[in-house]
Amino acid sequence: MSLVHYKPVNLFNQFNDELNRHFSMTREGAANQEHAWQPAVDIREEENCYLITADVPGVNSKDIDVTLEDGVLSIKGSRNTEKELSEAGYRRRERTNGTFLRQFTLPDTVDANSISATARDGVLEVTIPKQEKPAAKKIT
């Protein structure tokens with residue numbers, strides 16, 4: 001017998017993720033293609049930057065595009081395996097292939113010109129430096 005920990009919060013998070021995936025509108029609109037999978041992402045705030053870490057095992061770094069447009073950071077890529085002519089021999093297939101897209105709205109306190117990304121060992125790390133928020137100008 002194996003011990004299974006019941007974590008209702010995880011069930012809620014899974015449900016929430018599924019709802020977001022099905023009902024979200026991306027920048028490309030309702031005609032956006034269905035994405036096969038979404039990499040798990042951690043977002044961490046440090047004193048001088050934000051760090052986004054995404055698990056992208058099996059994805060070549062040349063197949064990942066990180067773009068910033070109108071305050072929205074997009075991470076898009078694809079994971080492809082060689083096409084199988086026959087499904088014979090497989091008892092189970094759980095690893096998903098295809099495209100993914102993750103989008104994040106950034107605060108106006110980021111330095112958009114200094115964002116950098118590195119991919120190593122199946123992990124993508126995007127560093128988003130902070131800058132001072134411009135002070136409001138009084139107009140007379």
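1. Residues 24 or more positions apart make up 55% of the protein's contacts with a separation of 6 or more. Contact here means heavy atoms within 4.5 Å. This is a predicted model: local features need pLDDT of at least 70, side-chain atom pairs count only at pLDDT 80 or more, and totals for chains, interfaces and linings use all residues. Numbering starts from 1 along each chain as its sequence is written, and side-chain values use heavy atoms, with hydrogens and water left out.

2. Elements. The protein has 1 helix and 7 strands. From the N terminus on, the order is α-β-β-β-β-β-β-β. Helices (H or I, at least four residues) and strands (E, at least two) are DSSP runs, numbered from the N terminus.

3. Surface. Of 140 residues, 21% count as buried. Buried means under 20% relative accessible area, exposed over 50%, and partly exposed in between (1.4 Å probe, protein chains only). The accessible surface comes to about 11,300 Å². Carbon and sulfur atoms hold 49% of that surface. Areas come from the Shrake-Rupley method with a 1.4 Å probe; for residues, only the protein chains shown count as cover.

4. Core. The largest nonpolar core has 16 residues. Ile52, Leu73, Ile75, Leu124, Val126 and Ile128 have the most contacts inside it. Strands E2 (49–55), E4 (72–79), E5 (98–105) and E7 each give two or more residues to this core. Such a core is a set of buried Ala, Val, Leu, Ile, Met, Phe, Trp, Tyr and Cys residues joined through side-chain atoms within 4.5 Å. Leaving aside neighbours within four places in sequence, isoleucine 52 touches residues including Val41, Ile43, Phe104 and Glu125.

5. Strands E6 (residues 116–120) and E7 (residues 123–129) run antiparallel, joined by 5 bridges. Strands pair if DSSP finds at least two bridges between them. Serine 116 has threonine 127 in E7 as its bridge partner. There are 2 residues between the strands.

6. Positive phi. Most residues other than glycine have a negative phi. Aspartate 121, in the loop between E6 and E7, has a positive phi of about 55°. Aspartate 121 is exposed, at 73% relative accessible area. Aspartate 70 also has a positive phi of about 55°. Aspartate 70 is in the loop between E3 (64–69) and E4, and is exposed at 68% relative accessibility.

7. Charges over rings. Arginine 79 lies over the face of tryptophan 37, 3.9 Å from the ring centre. The charged end of lysine 130 sits over the ring of tyrosine 50, 4.9 Å from its centre. The criterion: NZ of Lys or CZ of Arg within 6 Å of the ring centre and within 35 degrees of the ring normal.
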